[in-house]
Amino acid sequence: MAWLPWSPSPSEEGGVKKTAGGAFESPSRTNRKKCYEARDSFFECLDKNNILDSINTKSGREKAETFCSQFDKEFEKNCAHSWVSAAVPADDAAGSRLTRT
């Protein structure tokens, strides 16, 4: 993948890398560990700020953006999109944080 001036440099990119065909590589143990740590940090921030629904309520979205945006960015950077999109709605629907692995 060529570096473009408006895209993040390879050192700024994190998480799972894309193959030449555009698909994502299977995450390594190290990638999964980074993902789980980022997920746990984000959920810890939500808990600390008493944010039970960071998706479906306007106040929840605003509080999550105000207090936890950096943790959310790390979570999204270090985890496959499908993992993020599955974890957060399931967590919000349960009304409590998922069990940590």
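Analyst: This is a predicted model. Helix H2 (58-78) and helix H3 (81-94) each supply at least two residues of the lining of the second largest pocket. H2 gives the most, with seven residues.

User: What is the volume of that second largest pocket, and which residues are closest to its centre?

Analyst: The volume is about 190 Å³. The lining has 14 residues, and Phe42, Ser54, Asp72, Glu76 and Val88 are the closest to the centre.

User: How do the residues of that lining divide into nonpolar, polar and charged?

Analyst: Six are nonpolar, four are polar and four are charged.

User: Why is Arg39 called buried?

Analyst: Arg39 has a relative accessible area of 10%. Buried means under 20%. Arg39 is therefore buried, because 10% falls under that cut-off. Arg39 lies in helix H1. Trp83 is 44 residues away from Arg39 in sequence, yet the two are 9.7 Å apart in space, C-alpha to C-alpha.

User: Which residues is Phe75 in contact with, leaving aside its neighbours within four places in sequence?

Analyst: Phe75 is in contact with Cys35, Ala38, Arg39, Phe42, Val84, Ala87 and Val88. Contact here means heavy atoms within 4.5 Å.

User: Which members of the largest nonpolar core touch the most other members?

Analyst: That core has 14 residues, and Phe42, Phe43, Leu46, Cys68, Phe75 and Val88 touch the most other members. Helix H1 (29-48), H2 and H3 each supply at least two residues of this core. The largest share, six residues, comes from H1.

Note on methods:
Residues numbered from 1 in each chain as written. Predicted model: local features only at pLDDT ≥ 70, side-chain atom pairs only at ≥ 80, totals over all residues. Heavy atoms only, no water. 1 Å grid on protein atoms, 1.4 Å probe; cavity = no way out; pocket = protein on both sides within 12 Å on 5 of 7 lines; lining within 4 Å. Points joined across faces, edges and corners; volume = space filled by probe spheres on them. Helix = DSSP H or I, 4+ residues; strand = E, 2+ residues; numbered from the N terminus. Nonpolar A, V, L, I, M, F, W, Y, C, P; charged D, E, K, R; others polar. Core = buried A, V, L, I, M, F, W, Y, C linked by side-chain atoms within 4.5 Å. Buried < 20%, exposed > 50% of the residue type's maximum accessible area, 1.4 Å probe, protein only.
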